[in-house]
Amino acid sequence: MTDTPPAPKRRAARKPAPETVQPAPAPQPGWLARYGVQAALALSVVALGLAAWASFGGGFETRVRTYLVANPQILDEMVQARDQQAASQRIDRLNAGIAALPQVLEPGPGEPVFGPPDAAVTVVEYFDYRCPYCKTAAPGVMELMRAHPDVRFVFREWPILDAGTSTVSQHAARAALVAHSQGKYLAVHQALMAEGALSHEAIDRILAENGVDTGPDGAALNAPSVSRILADVQAGAGAVGMDGTPTFFINGQASASNAPEAIAQAIAAAR
């Protein structure tokens with residue numbers, strides 16, 4: 001059984017569905033919390049530079065220190081440049097991995113896929129239901145589906161945020177795949193993304209509210225077909241060096257941004 005793809009929506013109506021309101025932006029943390037280790041590295045570089053130049057005398061160290069104190073934004077620029085370089089290197093690495101193993105992006109049996117099978121453009125998203133960035137992007141992805149009915153969208157359940165004895169991400173991914181087998185994926189997917197405090201109880205409630213039958217003692221959640229999908233996704237992601245969620249690919253090219261506007265631009269460029 002398959003879900004019914006979302007109906008096309010007029011371009012003028014650009015706001016998310018009521019049940020998938022985007023969460024408010026989180027408060028900005030302090031400078032040290034934002035930059036952490038990278039800031040420490042930047043400070044170390046400056047310190048080393050000062051130490052080296054001090055040997056030349058002539059008050060250079062004093063002048064540099066005075067300049068940095070008067071222009072602290074330089075440290076921000078250093079960290080931003082480092083982040084941009086790391087992000088660019090990550091995209092290059094992912095694209096090289098996919099170029100070597102393009103079959104990794106091909107959907108397997110039982111995976112949630114929407115849109116024409118012969119679509120000229122395919123968007124693949126790797127995500128975890130506990131990932132805050134995935135939750136923020138989710139309403140925009142639904143809007144993209146409505147705005148581009150000729151594009152194929154592949155939803156890759158990749159539960160990687162469980163830690164210790166927690167299995168919430170795994171439970172959510174299995175729940176969504178069972179919902180897909182019963183033609184109820186999109187409703188459950190959106191509800192899971194909209195749930196702020198995801199837990200086993202919340203997941204089970206969402207399944208019940210959407211009429212998903214998990215069988216005696218939830219046996220469907222541990223079905224071999226569900227386990228196979230998750231194992232295949234994990235193996236493929238590892239093979240190409242994927243390292244975080246959400247990660248989007250448009251026609252085999254990794255997106256440098258998770259913003260729906262950037263994904264829309266990539267779709268237009270790939271047509």
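**Entry 1**

I count a residue as buried when its relative accessible area is under 20%. I'm working from a predicted model here. With that cut-off in hand, I looked up helix H3, residues 73–100. In H3, the buried residues are Ile74, Leu75, Val79, Arg90, Ile91, Leu94, Asn95, Gly97 and Ile98. I also checked the length of H3: its 28 residues reach 41 Å from first C-alpha to last. That is close to the 40 Å expected at 1.5 Å a residue.

**Entry 1: the whole protein**

Next I zoomed out. I found 9 helices and 5 strands, and along the sequence they run α-α-α-β-β-α-β-α-α-α-α-β-β-α. Of the 271 residues, 38% are buried. The protein exposes about 14,500 Å², and carbon and sulfur atoms supply 59% of that area. I then looked at contacts between residues at least 6 apart in sequence, and 80% of them join residues at least 24 apart.

**Entry 2: H6 and its two partners**

Two packed helices are described by the angle between their axes and the distance between the axes, so I noted both for each pair.

How do H5 and H6 pack? Helix H5 (168–181) and helix H6 (185–194) have axes 8 Å apart, at an angle of about 155 degrees. Angles over 145 degrees count as roughly antiparallel, so H5 gets that label relative to H6. H5 brings Ala172, Ala176, Ala179 and His180 to the contact, while H6 brings Tyr185, Val188 and Leu192. Sorted by class, I get 6 nonpolar residues, 1 polar and no charged ones.

H6 also meets helix H4 (132–147): their axes come within 9 Å and cross at roughly 150 degrees. H4 and H6 are therefore roughly antiparallel too. On the H4 side I listed Cys134, Lys135, Ala138, Met142 and Met145. On the H6 side I listed Leu186, His189, Gln190, Leu192 and Met193. This contact has 7 nonpolar, 2 polar and 1 charged residues. I spotted Leu192 of H6 in both contact lists.

Is Ser169 buried or exposed? Ser169 sits in H5, and its relative accessible area is 1%, so I wrote it down as buried. Leaving out residues up to four places away in sequence, Ser169 touches Asp128, Arg130, Pro159, Leu161 and Asp162.

Val141 is in H4 and is buried as well, at 6% relative accessible area.

Most residues other than glycine have a negative phi, and most peptide bonds are trans.

Which residues does the cis peptide bond join? I found it between Thr245 and Pro246, with omega about -10 degrees. Pro246 lies in the loop between helix H8 (224–239) and strand S4 (247–250).

Asp217 has a positive phi, near 55 degrees. This residue is in the loop between helix H7 (200–209) and H8, and at 84% relative accessibility I count Asp217 as exposed.

Asn251 has a positive phi too, about 50 degrees, and is not a glycine. I found Asn251 in the loop between S4 and strand S5 (253–254). At 36% relative accessibility, Asn251 goes down as partly exposed.

Terms used
Residues numbered from 1 in each chain as written. Predicted model: local features only at pLDDT ≥ 70, side-chain atom pairs only at ≥ 80, totals over all residues. Heavy atoms only, no water. Axes fitted to C-alpha atoms, helices over the stretch in contact; angles between N-to-C directions. Helix = DSSP H or I, 4+ residues; strand = E, 2+ residues; numbered from the N terminus. Parallel < 35°, antiparallel > 145°, perpendicular 65-115°, else oblique. Contact = heavy atoms within 4.5 Å. Nonpolar A, V, L, I, M, F, W, Y, C, P; charged D, E, K, R; others polar. Expected span 1.5 Å × (residues − 1). Buried < 20%, exposed > 50% of the residue type's maximum accessible area, 1.4 Å probe, protein only. Areas by Shrake-Rupley, 256 points an atom, 1.4 Å probe, with all protein chains shown as cover.
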